[in-house]
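My notebook is open and the model is loaded. I want to look up how some strands pair and what surrounds the ligand.

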Amino acid sequence: MKLKKCFNLAWNILIHSKLRSWLTIIGIIIGIAAVVSIISISQGAQQQLEDRLGSLGADILTVSPGFSKASGPMGGFREGPMDSDSDSSDEQKNLTVKDVLVLKNLDNVKYVMGQVSGKGEMTYLSKTASVSVTGVDESVWKDITYDELASGRFLVQSDFFSVVLGGRLVETTFENKIPLNGKITIEGKSFKVVGILADGNGVYMPLDIARTVLEDVGEEEFSSISVKIEDVEIANETVGLIEKKLMFSRGILNEKNVDFSVSNPSEMQATIQETTQTMSLFLGAIAAISLLVGAIGIANTMFTSVLEKTKEIGIMKAIGAKNKDVLLIFLLNSGMIGLVGGLGGIILGVFGSTLIGYWGSTLSGGESRMFGSTALTPELLIGALLFSLIIGMIAGAIPAYRASKLNPVDALRYQ
Amino acid sequence: MKNDIIRIENVWKKYDMGSVEPLVVLKEINLTIKRGEFVAITGPSGSGKSTMVNIVGALDKPSWGSVYLDDENISKMSESSLAFLRGKTIGFIFQQFNLLPNLSALENVMLPMEIIDQDEKKSRETAEKLLTKLGLGDRINHKPNELSGGQQQRVAIARSLANDPEVIIADEPTGNLDSKTGKFIMDFLGELNSNGKTVILITHDLDLVKYAKRIVYIKDGRIEK
Ligand SMILES: Nc1ncnc2c1ncn2[C@@H]1O[C@H](COP(=O)(O)OP(=O)(O)OP(=O)(O)O)[C@@H](O)[C@H]1O
Ligand SMILES: [Mg+2]
């Protein structure tokens, strides 16, 4: 018998099937819907997490003076020698231009920026506040930072007494009164506001100017160095490389004398990702169980369907159908049950995950938007369809085989 | 072409009944049917008539003995050759019509042709022609449950003729029908026989036996002379 004819007959059985088959299909629909929405929600959550961690700067390593580990020397030593060219001195504690140069040529390093930071008094009109001032390298700052501009521009190399202010500082501390291009005073010096960031409390100005504004910051010295790397996957190796190179250039021979530390945000990320993966795995297992129940439902329906169709199988055999024709018809039939269930499940799953995504984003009010987005990839949808088809066929395989082996006379006599 | 189309040699059929004695329903059956014959098989209920023709029609297997169709031993054929035989060489007509309930009359008649991979268009034409010949030209798209018993049996006859078989086996084809419809069907079988088909008819009805040129009487699983 031609495949097309077997297909037609299988379809005929499906559309004339009793309520029971449709109940089975509902079982598959629910199973597939659960799988689709769970996978799409957890993928969405993971994506969201990655985006947010990325915006925190997963690819930015920070080198700070001092040793953060318990056994190492604590704190930074601001009183280090001014002359950074006199290297290999054991007393040298602060980070220097030389350190920046050493880091610039390392593998996987994209940008390096030394920065200085400290506290300062800022005044606008009659309002005064203590702010944190960061001196940044105008040439690389906009490449390294994840801050976004609300208005104005980032600092450029021709800037001197120009500042970029954090959005929250402007909005909250100074009650929105500072306009773009307005004049403010920091530590008695007058600055022009050239840009306002979307968020943050910081004040950013050119490095050299910051050195004159802030106390305790020597020439050619940095409070920290930010390193932007190309590939986050090998961040750990890069951290190791930075440590090795800096130890070498700073003349440190023993690990316990290390006077700087390198932070690696991607390590923290890995931990968080592991947690979300465990969560997805757990939810996925629940979904898989519901699918298994659906598959057993198909098998059950197929067994009863074959039983109900015994006489018809006898008739088909009496007019010439071969065992393999009968097998194919019933396999296709159970595959169709799976496929129809899969289609319905996808529709329900897409609907469900969109709904959950909507709830997630409205309920959590924008802050922790963990479930605020879902990821419905074509791979997921096609995978779900294929999966339901295969489940249907596997569940129907034994009943279909039994149907095909029926003896024509016995089948015909069946009432 | 040989003159004998069917030859049954020493066929026995036995059902194992588990704890009780096995049931022997056919004993030492020897029968030869010539090409173009019209044979009536009669006998009391439960005597083994259906069992015998089911074996002849390759729906069942004998416990012992051989059945030859055109000199070929069908007891030794593979499952798929037997299926082909049932589809192409033999046309079965049953007392309970045995139509597929979810297919239309036309689809039921087309099915045996499609099973042996006939072209769909040709199958449709043949099926329409057969149904029209049996007076069902205006009922071809009806489902079996939308047809009367007599109409259903005529669809079943059309189906049995779909692949133009050499042998027609009819197991009490009029058993569930009124005498007028019964007569129509018997006349039709008679006409088929005069056009050269071999017809094997099982019946209790002595009025119908007269259509046959030869009568085989079975009692308790044996052919009585
Ligand atoms: N599968 C089976 N298992 C056990 N016994 C069976 C089976 N099939 C048929 N028989 C027995 O075989 C005997 C012959 O049955 P068969 O159907 O051939 O009779 P029949 O002559 O066609 O009767 P009727 O005229 O009533 O149709 C009966 O006694 C029946 O009970
Ligand atoms: Mg009988």
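**Entry 1, a sheet in chain B.** I began with strand β4 of chain B, residues 64-69, and found 2 bridges joining β4(B) to β5(B), with the two strands running antiparallel. I looked up one pair here: Y68(B) has N73(B) in β5(B) as its bridge partner. A reminder to myself is that this is a predicted model.

Stepping back, I traced the open sheet to which these strands belong; its 4 strands follow the order β2-β1-β4-β5 in chain B, with antiparallel pairing. Which strands stand at the edges? They are β2 and β5 (72-73) of chain B, and each has a single partner strand, so one side of each lacks a neighbour in the sheet. I also noted a rule to keep in mind when browsing strands: in a regular strand, side chains alternate between the two faces of the sheet.

Next I looked at strand β3 of chain B (residues 38-42), which is joined by 4 bridges to strand β9 of chain B (residues 214-219). Parallel or antiparallel? I read this pair as parallel. Within it, I found T42(B) opposite Y217(B) in β9(B).

I then checked the connection: β9(B) and β10(B) make a hairpin with 2 residues between them. In the turn I looked up D220(B), which has a positive phi of about 50°.

I moved to chain A and picked strand β1, residues 60-65, which runs antiparallel to strand β11 of chain A (residues 224-229) and is joined to β11(A) by 4 bridges. For L61(A), I found the bridge partner V227(A) in β11(A). I also found β1(A) paired with strand β12 of chain A (residues 260-263), in the antiparallel sense and over 4 bridges. The partner of P65(A) in β12(A) is F260(A).

Which chains supply the residues around ligand 1? I found residues from chains A and B, so the site is shared between chains. There are 14 residues around the ligand, and those that come nearest are S45(B), G46(B), K49(B), S50(B) and T51(B). I sorted the shell by type and got 4 nonpolar, 7 polar and 3 charged residues.

I then asked which elements contribute. In chain B, β2 (23-34) and α1 (49-56) each supply at least two residues of the shell, and α1(B) gives the largest share, with 3 residues.

A polar side-chain atom of K49(B) lies 2.7 Å from an oxygen atom of ligand 1. A backbone N or O atom of G48(B) is 3.0 Å from an oxygen atom of the ligand. From chain A, an N or O atom in the side chain of R413(A) is 3.1 Å from a nitrogen atom of ligand 1. On its own, ligand 1 has 640 Å² of accessible area, and the protein covers 70% of it.

Definitions and conventions:
Residues are numbered from 1 along each chain as its sequence is written. Chains are lettered from A and ligands numbered from 1 in the order in which they are written. This is a predicted model: local features need pLDDT of at least 70, side-chain atom pairs count only at pLDDT 80 or more; totals for chains, interfaces and linings use all residues. Side-chain values use heavy atoms; hydrogens and water are left out. A residue is near a molecule or strand if one of its heavy atoms lies within 4 Å of it. A polar contact is a pair of N or O atoms within 3.5 Å; within protein, one must be able to donate a hydrogen and the other to accept it, and residues adjacent in sequence count only if both atoms are side-chain atoms. Accessible areas come from the Shrake-Rupley method with a 1.4 Å probe; for residues, only the protein chains shown count as cover. Ala, Val, Leu, Ile, Met, Phe, Trp, Tyr, Cys and Pro count as nonpolar, Asp, Glu, Lys and Arg as charged, and the others, Gly among them, as polar. Two strands pair if DSSP finds at least two bridges between them.
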